[in-house]
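Dear colleague,

I am passing on the model that we spoke about, and below it you will find my notes. Please read them next to the coordinates.

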Amino acid sequence: MYIPKFNRVEDRATLLEAMQTYSFAILFGPSGTNPMTATHLPLVVKDEGEHGLIEGHFARANKHWASLAGHETLLIFPGPHTYVTPALYTEELSVPTWNYIAIHAYGTLELIEDQDVKNRLVEELITKHDPAFLTHWHAEPEGYRRTMLASITGFRILITRIEGKFKISQNRNTEERQNIQAAHATGTDDQRELARWMSRLIPDLDPKAGKA
């Protein structure tokens, strides 16, 4: 990924937090005779290993897992993004741009077929996104749960390499950054998220902005 120096984020805690927040990711790699295939999946990102650990599952019918097993895989975590109008700039000769957050993680995909471990993967996703449903899942007939778990293939990826790009107007002057942050702080959900990251990662901005 092309990352200018001022947009590069390498802090481990920041990258893990962003991946956990924007955890619906894209896995890239070959699938059968297709040299490049993408699968979109909800993932669980854990604070384990040098760069973190990623776990999730494929539908067994999606044979992408068979081609990725044992190979280095690229995962892209897309974060918030938004158009930035040059009307917020002080320099007259300016052009529009787009601010965004993106993280690329790499690691070898290891398959998980153990039924109990696959059940844990499912329960961790339920706990994260719909904890009230966990009791219902436990109450499902054992045969039904076994059938559902048999229809998925679990995996884990220990991250070996990671790239974080937070393009949040770091290269603009202080007044322009303040204008962009103020505009984003009252805008769309994505814009408010970017305003929050601007306040955290750019020292001369108001830490209270973006909390609306």
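Buried here means under 20% relative accessible area, exposed over 50% and partly exposed in between, with a 1.4 Å probe and protein chains only. By that criterion, T14, L15, L16, A18 and M19 of helix 1 are buried, where helices (H or I, at least four residues) and strands (E, at least two) are DSSP runs numbered from the N terminus.

This is a predicted model, in which local features need pLDDT of at least 70 and side-chain atom pairs count only at pLDDT 80 or more, while totals for chains, interfaces and linings use all residues. Residues are numbered from 1 along each chain as its sequence is written, and side-chain values use heavy atoms, with hydrogens and water left out.

Helix 1 (residues 12-21) packs with helix 7 (residues 189-201) at an angle of about 170°, their axes being 14 Å apart; axes are lines fitted to C-alpha atoms, for helices over the stretch in contact, and angles run from 0 to 180 degrees between N-to-C directions. The two helices are therefore roughly antiparallel (over 145 degrees; under 35 is roughly parallel, 65 to 115 roughly perpendicular, the rest oblique). T14, E17, A18 and T21 of helix 1 meet E193, R196, W197 and R200 of helix 7, contact meaning heavy atoms within 4.5 Å.

Finally, I54 touches, among others, L43, F77 and F155.

Best regards

How values were computed:
Lists of a residue's contacts leave out its neighbours within four places in sequence.
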